[in-house]
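This note is intended for a colleague who is new to the model shown below. Please read the points with the structure at hand.

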Amino acid sequence: YRVVLQEKVAKPFRTLISDSALLKELEKFGRVWHLDVLPDGASAFVTFKSPEVVGTLIEQGVITINSIDVSVKRMNIPVGQKQQDDEQKLQNLFSKPSSKPKNMKVDERRDPNKTVPPGYQFEWKVLVTNRSTQPRLLLTIEMPQQNERMFVLKGPTPTEKNPIRLMPGTTHTQSIIFQSKSHHQGPFKHTLLFNFSNWVLEHFITVRVAPASTESDLQLLTPVSTYVPPELPSGNEPALHIIEAFPPGRKCTIKGTQLYTQADYQGERDLLMYELPANINAVVEGTAKSNFNPWKMKTNFRKRLHELLWLEEAQQAKLTRAYDMRGVPIQHVTSFADGESLVGLQEPLIRVGCANLAEKRPSVQRADRVYAWLPDSPAQVQYEGFIHRVEGDALLLLFAPEFYGKHPHGTKMHLRFNVERITSRLMHRAVDDVLLEIVWPATPPLPSKAQLAEYDELEQRLPVA
């Protein structure tokens, strides 16, 4: 389990090579259990949890740390009872399985979320309670090597000569001291290994170190209220007249708009609409009971996959409609920032504020369709548009050329977003095209030569990733 690192000329350990840098490099090979450095800095003795890691390092022979080549040799254990006992102790410890039985409870007498200032020392207690009906023998409490010695076990602690016998319902209390330095900040984590007779119980401890100013700054990021999604519109608008964003003959000079002109299917084969069933939205909204049967068989395979695709599309449409807005002011823009560059536009775009775009939740995205109309418009004329760019808290939208002249800067508009359906329709068609003999392989007789030829031809047409 042990190796010797040597560099007798530069003697770099704890000068040119810090313990942190050394451990960082060694951890690339495997978990370090203990590290000792000789006072002259020429040699370091490393104990790993795995003999396989030691074998790998011995075979490599040299590791480079901070541009310094350090030799790796196997540590020769002197012949003696004490050394043999130490090796046997390591083997016994590392060969035990790591387990966390439900009837062994570990508690800490402190608030783990509370921060402490840099350079602060404090002590707290960890309690191990045996809630089983059988006694447990706690041999030792071990801690792996630390980058910096910040966590210390305060005696008395159990030893193999003086183990602690935890009777049912009894508790062992272990004190731990944490000491940070003035330059330390951040979360510091460590592992306690409760070494029982036949297994090891791992418990992870974390101390957060930060000055008072940092804690105050973090409080500013705390949400002032719980996020409440906007109320979904009723969808009972009168009959619509849609003005297309790309009427026949329009040539747009804005870069990247070709994606929008190809939004409609233009394939060689016909593509059905695969309209959503009438009750699928009610099922997703929770106002109707689902009769979906998850069991798939060869006879209902296509039906089940169609239903799953419809459920997914309805759910996505529900989440997208949560971004619909009422009476939002629009802003005409002729340029926008892209990183450190300012992109000029020969045609204007519309910017609207939109909250929650940066949150980790389903969001609208580029090329999604948007429809805009004036509040209380008697004709309910709606302009088709596309999301051209998603900014931190705003959207840049592209509409038909006439939109910008009829709706000046500051005009309040209603907006609704729509899910692109081409991808979903293609997946539905793929379900219809699937060869059930492949998805549900039949038992003998084997496929005919004609079927095998068909399968081979299909395989040749499949795209290669």
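Which residue lies over the face of Phe 246?

1. Arg 250 does, at 5.0 Å from the ring centre. A charge sits over a ring if NZ of Lys or CZ of Arg is within 6 Å of the ring centre and within 35 degrees of the ring normal. Likewise, the charged end of Arg 110 sits over the ring of Trp 124, 4.5 Å from its centre.

2. On provenance: the model is predicted, with local features needing pLDDT of at least 70 and side-chain atom pairs pLDDT 80 or more, while totals for chains, interfaces and linings use all residues. Residues are numbered from 1 along each chain as its sequence is written, and side-chain values use heavy atoms, leaving out hydrogens and water.

3. The whole structure holds 10 aromatic pairs (rings of Phe, Tyr and Trp, the last by its six-membered ring, with centres within 6.5 Å; planes under 30 degrees apart are stacked, over 60 edge-to-face, the rest tilted). Phe 246 and Phe 386 make a tilted pair, 6.0 Å centre to centre with 55° between the planes. Because Phe 246 lies in the loop between strand 15 (241-243) and helix 5 (258-261) and Phe 386 in strand 20 (residues 381-390), the pair ties together parts that are 140 residues apart in sequence. Helices (H or I, at least four residues) and strands (E, at least two) are DSSP runs, numbered from the N terminus.

4. Both Phe 246 and Phe 386 are buried (under 20% relative accessible area, with a 1.4 Å probe and protein chains only). Phe 399 and Phe 403, a stacked pair, stand 4.3 Å centre to centre with 20° between the planes; Phe 399 and Phe 403 are also buried.

Notes: Buried means under 20% relative accessible area, exposed over 50%, partly exposed in between (1.4 Å probe, protein chains only).
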